[in-house]
Amino acid sequence: MPLVMGLTSYKGANMIKNPEPYLITAGGKIRCRRCKAQSSRTKAQCKNPALKSKAVCKWHGGLSTGPKTKEGKERIRAAHYKHGEETQEAKAQRSEKSAMFRYLTDLGNHCNLFYKGIKPLGRPPSQYAKLDLNDPEELALAILKTLPRK
Ligand SMILES: [Zn+2]
């Protein structure tokens, strides 16, 4: 992005009026353009060097903020896709199976199917709701929830 004089804001960072254009660093050996953003706390000009061909430093919006178009976002998503174990569908499927197992455990405990009774570990899955299995309607509902979908 070319330098724009009189810019008041750049990606959320406020720009200072009458900025110091250059920064001299490394004991006077390096002269570079200075970030033109204004500190929100001290209201002074940022003391970092600006990025190449940008008006601001990397903390004030000089770095890329990622793709904006739908195609660009989709391309990034496809590039990060590795095995699909943590997709929303996989997580929902895992949660459903976990809830099904929890209902099966409840039914087994209710019918004294196990020697001592099984106490499930961990927090209950989000799709699970504790049912009163002495109520016939809720018992039927629990049995229905153990059936596989499709
Ligand atoms: Zn800055």
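**Charges and rings in a predicted model**

Visitor: Why is R94 called partly exposed?

Guide: R94 has 42% relative accessibility and is therefore partly exposed, since buried means under 20% relative accessible area, exposed means over 50%, and partly exposed lies in between (1.4 Å probe, protein chains only). This is a predicted model, in which local features need pLDDT of at least 70 and side-chain atom pairs count only at pLDDT 80 or more, whereas totals for chains, interfaces and linings use all residues. Residues are numbered from 1 along each chain as its sequence is written, and side-chain values use heavy atoms, with hydrogens and water left out.

Visitor: What makes the contact between R94 and E86 a salt bridge?

Guide: The closest N and O atoms of R94 and E86 are 3.6 Å apart, and the rule asks for a side-chain nitrogen of Lys or Arg within 4 Å of a carboxyl oxygen of Asp or Glu, so the contact qualifies. R77 and E74 also form a salt bridge, at 2.8 Å from N to O, and the count comes to 2.

Visitor: How do you know that R77 is exposed?

Guide: The relative accessible area of R77 is 52%, and R77 therefore counts as exposed, while E74, at 44%, is partly exposed.

Visitor: Why is the pair of Y103 and Y128 called tilted?

Guide: The whole structure holds 1 aromatic pair. The rings of Y103 and Y128 lie 4.9 Å centre to centre with 45° between their planes; pairing of Phe, Tyr and Trp rings (for Trp, the six-membered ring) needs centres within 6.5 Å, and planes under 30 degrees apart are stacked, over 60 edge-to-face and the rest tilted, so this pair is tilted. Both Y103 and Y128 are buried.
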